[in-house]
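Work through the exercises below with the model open. Try each task before reading its solution.

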Amino acid sequence: MELVNKEHLQQLIDAFANKDVFIHLETTNGSYAAHFNEAVFNAGAFIRNVKLRYELGKVVSDHPHRVGLKLEHGWVYAQGITHYEVDEHGRLLMAGLDYEGKLAVALQISETPFAY
Amino acid sequence: MFTDQRHVLIVFPHPDDEAFSCAGVVRQMTKRNIPVTYACLTLGEMGRNLGNPPFATRESLPEIRREELRKAADAMGIQDLRMFGLRDKTIEFEDDEKMVQLVSDLIDELNPSLVITFLPGFSVHPDHEATARAVVEAVRRMRKDERPTIIAVGFANDTVDKMGLPHIKVDITDVKMDKLAALQAHASQTAWMIAESEKREETADELSDNWLTTEAFYVIEHAE
C-alpha cells in the first residue's frame, strides 16, 4: 500500500460506482487496548462481504482522508484513511495506519467476495 | 512434568500465541522426542500491525502469518501443525458446541497426556477466552481417569491477584535461543517488540529478557 494520492484514489472509487460490490469495513483499536491502558473504552466494528451498490463515492482531501459512499438507501463511510492499493485481484484496499503502523480502519471494495 | 508425556496438544487461536507462552517448554519436550500437536485455530488475519510504511495489507496478512507459523513450528520442533481456518476475532461467535467438539475430536484422535491453552477468565483476548473455554469443557466431559492435565497461560493484569502465583514455573534458559527463533519467525508481529527489547537490554533493564528465561502456567483441575 502507498500513501493516498487523492486524485488517483478518486478515479478508483469512481470505477466501482453503480456496480454490485463486496465491502469490508473495519474499525479497531485492538483487542489489547484496554489491557495496556485500562482507561481505554475499547470499541470497534467489522463487516465483511456485504454486497451493495453505491451511486457516488468521494474521498475528501484532508489527511488522513475520509471516504464516503452514498447508497440508494444509505451510507458507508470511513475516517482516517492513509494508504491504498489495488491488489492482484483488482480489489481496492484502503487502510488507515496509525503512527506505529497499526491498522485503525479499513475500507475495501471488490467485485468478488473476499476470502472467508 | 515435561519429561515423560505421551503426547502434548497445544490449542491456541493465533499464530504467535504459542511462541510467547510456551515455546520454551515445547522445545524442551520436542528435544526429548515427545510428540507435540499444535492446533492453531486462525491465521491471525485481523492483526493490526501492517507497518508504516506498510509491509502487508488486510488481505495479504494471513498468508504471511501462515508462513511465519510454519517457521515457528520448525524452531520449536513441532512436527504436527494443524491450521483450522477459523477467522481471527470470531471464535467467541462460533457455535460453542462446535468448538468443544473440535477439541474433543483432537483429544480422541491424539490421546494427549498434556494440553496447553489459555487460562479462562485471565487471557485478555476474546479469542483466547473462547478457545480456553472450549478446551476446558472438552476435558471436563471426559472420564476423570482419562483426562489429560491442562496447563494454562494467564496474563490479564489481575491474574496473580485473583489466582495467586502460577503453579508451575519453568526455567527455559537452555532453549532460550530456540524460543527467540520462534518469536523471530513471527516477524510481522514481533519485530517491533524484539527491537524494543534489544534497546532495553542496552540500557540494562533487568526485566528485558524474563520472557526468554521463564515460562509459567496454572494447572486447571476439574472438581469432578
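Two strands count as paired if DSSP finds at least two bridges between them. Keep in mind that this is a predicted model.

**Exercise 1. Pairing around β5(A)**

Task: Find which strands of chain A pair with β5(A), and in which sense.

Solution: 
1. Start with strand β4 (residues 54-59) and strand β5 (residues 65-71) of chain A. They pair in the antiparallel sense over five bridges.
2. Turn to strand β6 (residues 75-81) of chain A. Its pairing with β5(A) is also antiparallel and runs over six bridges.
3. Five residues lie between β4(A) and β5(A) in their hairpin. A hairpin of three residues joins β5(A) to β6(A).
4. Pick out facing residues. Tyr54(A) stands opposite Leu71(A) in β5(A). Leu56(A) stands opposite Lys70(A). On β6(A), Lys70(A) has Trp75(A) as its bridge partner.

**Exercise 2. The sheet and its helix**

Task: Give the strand order of the open sheet of three strands in chain A. Then explain why β4 and β6 each have one side without a neighbour in the sheet.

Solution: 
1. The order is β4-β5-β6, with antiparallel pairing.
2. β4 and β6 of chain A stand at the edges. Each has a single partner strand, so one side of each is left without a neighbour in the sheet.
3. From one strand to the next, the twist averages 10 degrees.
4. Helix α1 (residues 6-15) of chain A lies across β4 and β5, and runs at about 170 degrees to β4(A).
5. Look at the loop between β4 and β5 of chain A, where Pro64(A) lies. The peptide bond from His63(A) to Pro64(A) is cis, with omega near -5 degrees.

**Exercise 3. Chain dimensions**

Task: Test each chain against the radius of gyration of a compact globule.

Solution: 
1. Chain A has 116 residues, for which a compact globule would have a radius near 13 Å. The chain has 14 Å, which agrees.
2. Chain B has 224 residues, and the corresponding value is near 17 Å. The chain has 17 Å, which agrees.
3. The C-alpha atoms of chain A fill a box of roughly 45 × 30 × 25 Å. The C-alpha trace of chain B spans about 50 × 40 × 35 Å.
4. Buried residues make up 28% of chain A and 47% of chain B.
5. Chain A has two helices and nine strands. Chain B has eight helices and seven strands.

**Exercise 4. A helix pair in chain B**

Task: Classify the packing of α2(B) and α6(B) as roughly parallel or roughly antiparallel.

Solution: 
1. Take helix α2 (residues 61-76) and helix α6 (residues 176-185) of chain B. Their axes come within 8 Å and cross at roughly 175 degrees.
2. Angles over 145 degrees count as roughly antiparallel. The two helices are therefore roughly antiparallel to each other.
3. List the contact. α2(B) brings Glu68(B), Lys71(B), Ala72(B), Ala75(B) and Met76(B), while α6(B) brings Asp178(B), Ala181(B), Ala182(B) and Ala185(B).
4. Sort these residues. Six are nonpolar, none is polar and three are charged.

Definitions and conventions
Residues are numbered from 1 along each chain as its sequence is written. Chains are lettered from A and ligands numbered from 1 in the order in which they are written. This is a predicted model: local features need pLDDT of at least 70, side-chain atom pairs count only at pLDDT 80 or more; totals for chains, interfaces and linings use all residues. Helices (H or I, at least four residues) and strands (E, at least two) are DSSP runs, numbered from the N terminus. The radius of gyration is taken over C-alpha atoms; the globule rule is 2.2 Å times the number of residues to the power 0.38. A residue is buried if 20 or more other C-beta atoms lie within 10 Å of its own, exposed if 12 or fewer, and partly exposed in between; C-beta atoms are placed from the backbone. Axes are lines fitted to C-alpha atoms, for helices over the stretch in contact, and angles run from 0 to 180 degrees between N-to-C directions. Two residues are in contact if their C-beta atoms, placed from the backbone, lie within 7 Å. Angles under 35 degrees count as roughly parallel, over 145 as roughly antiparallel, 65 to 115 as roughly perpendicular and the rest as oblique. Ala, Val, Leu, Ile, Met, Phe, Trp, Tyr, Cys and Pro count as nonpolar, Asp, Glu, Lys and Arg as charged, and the others, Gly among them, as polar.
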